[in-house]
Amino acid sequence: QAKFLISAPDIAHLNEHLPGDVGVEIAFAGRSNAGKSSALNQLTEQKSLARTSKTPGRTQLINVFALDEHRRLVDLPGYGFAQVPLALKKKWQQALGQYLQERECLSGLVVLMDIRHPLKDLDVQMIEWAVDSQIPVLALLTKCDKLAQSARMKMVNEVRKALADFGDAVKVEPFSSLKGTGKPKVLGILNEWCHP
Ligand code: GTP
Ligand code: MG
């Protein structure tokens, strides 16, 4: 039953535009085109809650969706997209960093990575940052429909191994917004974060 709540256009307006820093917020972060908006739509069973696009860099705002009075999902702008002017890139990264560091109600971070290209520098930084801040992480390996089952599990195991040092703080799951693969697992984890 998620409903669009608000978009924060830039860091200056961030706190002004975001709802009060209370309750539970779960943020979706990842490189541009990783499938953040698609995952949000699949998980909330709404075709066009979050705008998706073939063009990386579509989501340039922090978009907040309300699940209920106390719980929200947040679609963050993607990082790492090369064809964005440097000034704009810096602006996004600043907005992203500020949101992640200052938002007290942030209760979980979903880091989405294309299963074919996981664990880029910024992804790892994001995960490390969240673990340092004691925010649980779900590393979601998206577009898993693009790989055959054996290649998929191989990747999942490699990423689990690479992140094993973080222990229970970081979970790794395959996901497909297209097919709904991994959805029950992911919903289970989000549900735990939503009801601490
Ligand atoms: P930005 O907003 O630019 O940061 O991108 P995003 O991370 O929100 O990605 P988005 O959900 O817009 O998806 C990017 C592209 O990947 C779109 O063309 C989607 O259709 C495609 N895509 C997303 N999820 C999947 C998936 O599970 N399987 C397949 N095959 N394609 C997907
Ligand atoms: Mg998006």
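The protein chain comprises 6 helices and 7 strands (DSSP runs numbered from the N terminus, with helices being H or I of at least four residues and strands E of at least two). The model is predicted: local features need pLDDT of at least 70 and side-chain atom pairs count only at pLDDT 80 or more, whereas totals for chains, interfaces and linings use all residues. Residues are numbered from 1 along each chain as its sequence is written, and chains are lettered from A and ligands numbered from 1 in the order in which they are written.

Along the sequence, the elements follow the pattern β-α-β-α-β-β-α-β-α-β-α-β-α. Buried residues account for 38% of the 196 residues (buried: 20 or more other C-beta atoms, placed from the backbone, within 10 Å of the residue's own).

In strand S6 (residues 137–142), 6 of 6 residues are buried. In a regular strand the side chains alternate between the two faces of the sheet. Both faces of S6 are covered, with Val137, Ala139 and Leu141 buried on one side and Leu138, Leu140 and Thr142 buried on the other.

Strand S5 (residues 106–114) runs parallel to S6 and is joined to S6 by 6 bridges (pairing requires at least two DSSP bridges between two strands). Within this pair, Val111 has Ala139 as its bridge partner. The chain passes from S5 through helix H4 (residues 121–132) to S6 in a right-handed β-α-β crossover (clockwise from the first strand over the helix to the second, with the strands pointing away from the viewer).

Strand S7 (residues 170–174) is likewise parallel to S6, with 5 bridges joining the two. Ala139 stands opposite Val172 of S7.

Key
Buried ≥ 20, exposed ≤ 12 C-beta atoms within 10 Å, placed from the backbone.
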